[in-house]
Amino acid sequence: MELFLTLDAGTGSGKCLLFDAKGGLRARATEPWGYEVSPDPELPSVKWFSFDPEKFWEALCRCIQAALRQAQAEPGRIVGVAATSQREACVFLDASGKEVYAGPNLDARGFREGLEVLQSFGAERLYRVTGHSAPFIFPLARYLWYRKGGGPPVRRILMMNDWIHWRLTGEFVSEPSNATESMLFDVGSRTWSDEILNAFEIPRSILPELCQPGEQAGRVSREAAKRTGLLAGTPVFVGGADTQCSLLGAGVIEPGAAGATLGTTTPIQVVTERLCLDPDANLWAGCHVIPERWVLESNAGDTGDAYRWLIELLGGGEEVEKARERLESAAAACSDPSAVLFVGPSIFEIHRLALRRPGGILFPYPTLHVRPSAGELVRAFLESVGFALRANLEQLARVVGGALGQIVLSGGMTRNPTLVRIIADILDQPIFVARQAESAALGCAILVASQGQTDRMRALSRAWVQLDTVEPTEGSQRYASRYATWRRLYEDFFQLEL
């Protein structure tokens with residue numbers, strides 16, 4: 001039996017997943033990972049994040065070995081490998097091939113350099129070229145920060161999935177869906193931006209050759225074979241950014257369709273037939289892994305990470321999974337919570353960043369006899385995910401100029417049936433939920449199996465992706481007023497400061 005191997009380097013963990021020729025998941029191995037975090041020496045609210053590339057590579061190698069053992073698969077059954085990764089994460093190599101910088105999507109060390117980019121290049125022009133604004137976490141700003149520091153000259157800039165491909169094959173390749181997250185890329189022409197490279201005196205030679213997702217990048221080297229347990233010579237294919245791979249793995253490929261990946265954060269993207277820019281330069285525009293398709297993106301902010309924090313807080317030391325099951329059962333029984341939560345989910349408004357704006361848990365006061373239970377708090381958090389999702393979908397619809405097509409949910413949080421039901425009621429329309437929550441890895445496996453052929457990507461997506469339909473219930477009526485309350489209170493928080 002043929003197997004397709006995908007590596008998924010997310011924000012919280014590294015994974016290896018094996019899929020069979022029908023898109024069935026045969027093995028899944030994962031290892032959590034963390035970052036070195038330090039405050040900016042002069043701006044403590046700005047955080048620097050970095051990771052040890054050797055430790056991350058070792059974790060991915062162990063995941064490959066573990067997945068092969070789980071599936072009881074001989075390495076000769078692996079017909080292709082590809083990697084997907086968190087966006088904006090990048091690695092710089094020097095002339096000897098040593099990693100001189102490695103940072104995740106959270107790293108804001110280029111904050112000052114981002115301000116300089118806005119001043120010298122202009123925010124409007126930057127958005128029109130790259131489809132992105134506020135350049136503080138993007139590789140362009142981090143490269144300018146690194147260059148000021150006077151370290152060894154950078155010979156290569158690699159996005160995280162490019163770096164994994166290089167570790168596997170020794171080849172330098174990139175692709176549009178994650179290259180557009182570098183802020184060195186022209187999103188309209190789907191190539192590196194000579195205008196930006198010239199403006200900041202960045203040699204084009206330090207950027208990899210561009211390929212299309214699914215094209216062969218090389219073969220597993222002898223050195224990588226020793227570390228991973230794969231056979232030397234196994235074909236390696238170009239993957240893509242995790243969010244866009246997730247769209248493919250959830251069947252979101254035609255113009256007008258929208259996909260939300262409910263994970264650590266919740267990016268929400270609508271597929272467009274041509275580049276669609278936001279007149280207010282708020283929403284991001286990027287490239288789909290499907291050729292000649294673009295995406296327009298909003299984001300419901302901190303969802304999965306905030307949810308884990310809440311569960312740990314309310315669990316009182318209980319093992320996290322047991323606490324989650326207990327609290328979700330209690331939340332399912334609370335149909336009308338008295339609380340409203342602002343502890344993570346939000347509306348993507350890049351021009352309204354307010355670093356000292358408070359969050360909070362609100363409920364009627366005085367509290368005598370009306371204190372919300374733990375189940376109510378969890379239910380209220382799940383509702384806040386739905387409210388934020390609705391608000392972000394509404395601003396996407398405004399920019400594309402009409403109602404969105406089918407809305408598909410994927411990602412780890414969709415395993416919670418109460419959350420999925422709440423979202424359908426808040427949106428007051430049928431929603432579709434991908435049965436395979438690991439949609440980014442499935443989409444990456446589709447890229448491998450398609451070998452870059454667009455028609456085959458579509459055919460495999462239709463064949464491999466299964467969706468469940470969730471209809472709204474009568475409970476949707478009460479959410480009209482609760483959503484209005486959530487929006488009003490959300491605005492009120494902008495008038496406060498801690």
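Me: How are helix 11 and helix 12 packed, and what makes that "roughly perpendicular"?
Reply: The axes of helix 11 and helix 12 are 7 Å apart and meet at an angle of about 80°. Axes are lines fitted to C-alpha atoms, for helices over the stretch in contact, with angles from 0 to 180 degrees between N-to-C directions. Angles under 35 degrees count as roughly parallel, over 145 as roughly antiparallel, 65 to 115 as roughly perpendicular and the rest as oblique. Helix 11 and helix 12 are therefore roughly perpendicular. The model is predicted: local features need pLDDT of at least 70 and side-chain atom pairs pLDDT 80 or more, while totals for chains, interfaces and linings use all residues. Residues are numbered from 1 along each chain as its sequence is written, and side-chain values use heavy atoms, without hydrogens and water.

Me: Which residues of helix 11 and helix 12 meet?
Reply: Leu327, Ala330, Ala331 and Ala332 of helix 11 meet Ala374, Gly375, Val378 and Arg379 of helix 12. Helices (H or I, at least four residues) and strands (E, at least two) are DSSP runs, numbered from the N terminus.

Me: Why is Glu328 called buried?
Reply: Glu328, in helix 11 (residues 320–332), has 12% relative accessibility and therefore counts as buried. Buried means under 20% relative accessible area, exposed over 50%, and partly exposed in between (1.4 Å probe, protein chains only).

Me: What does Glu328 touch?
Reply: Leaving aside neighbours within four places in sequence, Glu328 is in contact with Tyr307, Asn416 and Thr418; contact means heavy atoms within 4.5 Å. The side chains of Glu328 and Asn416 are joined by a polar contact of 3.1 Å. A polar contact is a pair of N or O atoms within 3.5 Å; within protein, one must be able to donate a hydrogen and the other to accept it, and residues adjacent in sequence count only if both atoms are side-chain atoms.

Me: Why is the pair of Phe387 and Tyr483 called tilted?
Reply: A search of the whole structure finds 25 aromatic pairs. In the pair of Phe387 and Tyr483, the ring centres are 6.0 Å apart and the planes are at 40°, so the pair is tilted. Rings of Phe, Tyr and Trp (its six-membered ring) pair if their centres lie within 6.5 Å; planes under 30 degrees apart count as stacked, over 60 as edge-to-face and the rest as tilted.

Me: What parts does the pair of Phe387 and Tyr483 tie together?
Reply: Phe387 is in helix 12 (residues 374–400) and Tyr483 in helix 16 (residues 478–493), so the pair ties together parts that are 96 residues apart in sequence. Phe387 has a relative accessible area of 3% and is buried; Tyr483, at 6%, counts as buried too.

Me: Is Asn161 buried or exposed?
Reply: Asn161, in helix 5, has a relative accessible area of 0% and is therefore buried. The side chain of Asn161 makes a polar contact of 3.4 Å with the side chain of Glu175.
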